[in-house]
Amino acid sequence: MLLRNCRIAKVNCLATFVALAVLSCTPAPDASLSEVVEIYLDTPDDPTDASVVLAGLSETTITALRNTALERNQWSSLLRIAVHDIDEAGTQKPAVLGNYQIDGDTVRFRPMFPFDPGQQYLVTFNQAAVPGPEGAKELLNPVRVILALPKPEVEPTTIVTHVWPSGTRMPENQLKIYIEFSAPMSHVNGLEYIRLLDSKGNEVEDPFLPLGSQFWDSDYQRYTVFFDPGRVKQGILPNEKLGRPLTEGQSYTLVVDKNWPDSEDIPLKNGYQKTFTAGPADTTPLNVSNWRLRIPAAHTIQRFVVSFPEPIDYGLVLRSLGVKDSRGTTVTGTVEVESWETRWSFLPEQPWSPGSYELVALSILEDLAGNRIGVPFEIDTLQQVEDQTEPEFYRVPFEIKG
């Protein structure tokens with residue numbers, strides 16, 4: 001059985017489908033044996049009943065199929081349906097399980113489980129697998145068609161819930177921005193959906209570190225945007241050539257495109273904009289002696305509050321501060337970051353007992369410009385730097401009196 005020509009998935013009046021491509025088709029060397037076949041999705045009123053139909057087969061082919069008791073693997077070799085995707089090893093996905101039926105002059109495949117709307121399926125008709133004399137069948141190439149049920153339209157619901165820093169003023173050497181979403185997002189390069197505009201509405205040239213697909217949290221709900229450190233830090237070629245992305249005294253707008261897809265490949269419900277002003281550069285390292293502590297009373301579950309003289313990096317402060325008791329045991333509780341990231345509060349699970357405690361700060365804690373405790377982000381490379389290992393954490397003792 002040879003094909004003279006092929007047609008892209010016949011349109012059935014009751015069917016709703018997408019036919020994307022015929023990938024290969026071989027002309028018949030012998031016109032007397034040729035026939036025209038059609039491969040299409042047949043969808044009744046209920047899309048879950050969709051089936052793949054191979055139509056237009058000759059009476060000779062249909063008779064050969066009827067008279068041959070094909071096993072499941074033989075049917076799959078003749079008419080193979082698989083998810084149109086190639087894995088990392090370069091191999092095709094396994095064939096979809098289902099039942100084959102000869103109906104008149106057609107072969108119908110009904111999947112064991114309904115086809116997924118929006119998912120592309122590669123249908124391969126292997127002409128050489130038709131029962132009968134071999135003849136010239138080995139010269140035939142398979143016919144491949146990509147079919148898909150249309151993806152149902154879904155109302156977008158995912159939104160940008162917050163952008164940090166939450167204040168409207170950032171130092172001109174700001175190091176990063178966090179964008180939080182209401183639901184998991186797709187694993188894409190977020191920089192394709194973000195723009196930074198100046199006060200005139202012009203796009204700032206290359207403000208961000210071009211590694212946009214690597215800075216998601218584990219839930220894919222918080223995305224970190226890094227300003228290019230090469231432009232932020234002075235004395236480096238990108239900084240000398242282009243200057244800092246932000247200039248003191250100027251206003252800027254961070255624009256998040258509504259086409260940013262969530263984990264279901266659905267765009268955001270709406271876009272998002274945050275306008276802020278750039279202040280002077282911050283090159284002063286953090287100093288724990290400048291932190292103010294509000295000590296709770298014993299036998300209460302009052303909050304223990306730490307106030308900072310400047311905003312602290314939101315993403316880092318959540319995992320860089322904690323409380324330990326006199327035995328070195330971590331006190332469990334709930335953390336909140338408030339007042340434009342200038343206040344960290346800790347609500348214990350159990351009432352405070354009288355005694356000695358420590359506020360423990362990891363050395364990774366930073367302010368908005370990347371300055372750490374005792375270590376500025378800007379370090380003069382000509383300045384003599386002491387050769388010492390940075391401590392893993394800092395301790396700030398406090399006492400709860402009975």
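Author: A nonpolar core is a set of buried Ala, Val, Leu, Ile, Met, Phe, Trp, Tyr and Cys residues joined through side-chain atoms within 4.5 Å. The model discussed here is predicted.

Reader: Which residues touch the most other members of the largest nonpolar core?

Author: The largest nonpolar core holds 28 residues. Elements giving two or more residues to this core are strand 10 (160–164), strand 12, strand 13 (194–198), strand 14 (222–226), strand 15 and strand 16. The members that touch the most others are Ile-179, Phe-181, Ile-194, Leu-196 and Trp-260.

Reader: What does Ile-194 touch, not counting residues up to four places away in sequence?

Author: Contact here means heavy atoms within 4.5 Å. With residues up to four places away in sequence not counted, Ile-194 touches Ile-179, Phe-208, Tyr-223, Val-225, Leu-254, Val-255 and Trp-260.

Reader: Which residues does the second, separate core include?

Author: This second core is separate and has 27 residues. Among its members are Phe-304, Val-331, Phe-346 and Ile-400.

Reader: How many aromatic pairs are there, and are the rings of Phe-115 and Tyr-121 stacked or edge-to-face?

Author: The count of aromatic pairs comes to 22. In the pair of Phe-115 and Tyr-121, the ring centres are 4.8 Å apart and the planes stand at 65°. Both Phe-115 and Tyr-121 are buried. Planes over 60 degrees apart count as edge-to-face, so the pair of Phe-115 and Tyr-121 is edge-to-face.

Reader: How many residues apart in sequence are the parts that Phe-181 and Trp-260 tie together?

Author: The rings of Phe-181 and Trp-260 form an edge-to-face pair, because their planes are at 75°, with the centres 4.9 Å apart. Phe-181 lies in strand 12, while Trp-260 lies in the loop between strand 15 (251–256) and strand 16 (272–279). The pair therefore ties together parts whose separation in sequence is 79 residues.

Reader: Are Phe-181 and Trp-260 buried or exposed?

Author: Buried means under 20% relative accessible area. Phe-181 has 1% relative accessibility, and Trp-260 has a relative accessible area of 0%. Therefore Phe-181 counts as buried, and Trp-260 is likewise buried.

Reader: Which residues do ring pairs link into a cluster with Phe-181 and Trp-260?

Author: The cluster is linked by ring pairs and contains Phe-181 and Trp-260.

Reader: Is Glu-366, which forms a salt bridge with Lys-176, buried or exposed, and what of Lys-176?

Author: The closest N and O atoms of Glu-366 and Lys-176 are 3.6 Å apart. The cut-off for buried is under 20% relative accessible area. Glu-366 is at 8% relative accessibility and so counts as buried; with a relative accessible area of 9%, Lys-176 is also buried.

Reader: Are Arg-303 and Glu-336 buried or partly exposed?

Author: The side chains of Arg-303 and Glu-336 meet in a salt bridge at 3.5 Å, N to O. Arg-303 has 28% relative accessibility, and Glu-336 has 31%.

Terms used
Residues numbered from 1 in each chain as written. Predicted model: local features only at pLDDT ≥ 70, side-chain atom pairs only at ≥ 80, totals over all residues. Heavy atoms only, no water. Salt bridge = Lys/Arg side-chain N within 4 Å of Asp/Glu carboxyl O. Buried < 20%, exposed > 50% of the residue type's maximum accessible area, 1.4 Å probe, protein only. Phe/Tyr/Trp six-rings, centres within 6.5 Å; stacked < 30°, edge-to-face > 60°. Helix = DSSP H or I, 4+ residues; strand = E, 2+ residues; numbered from the N terminus.
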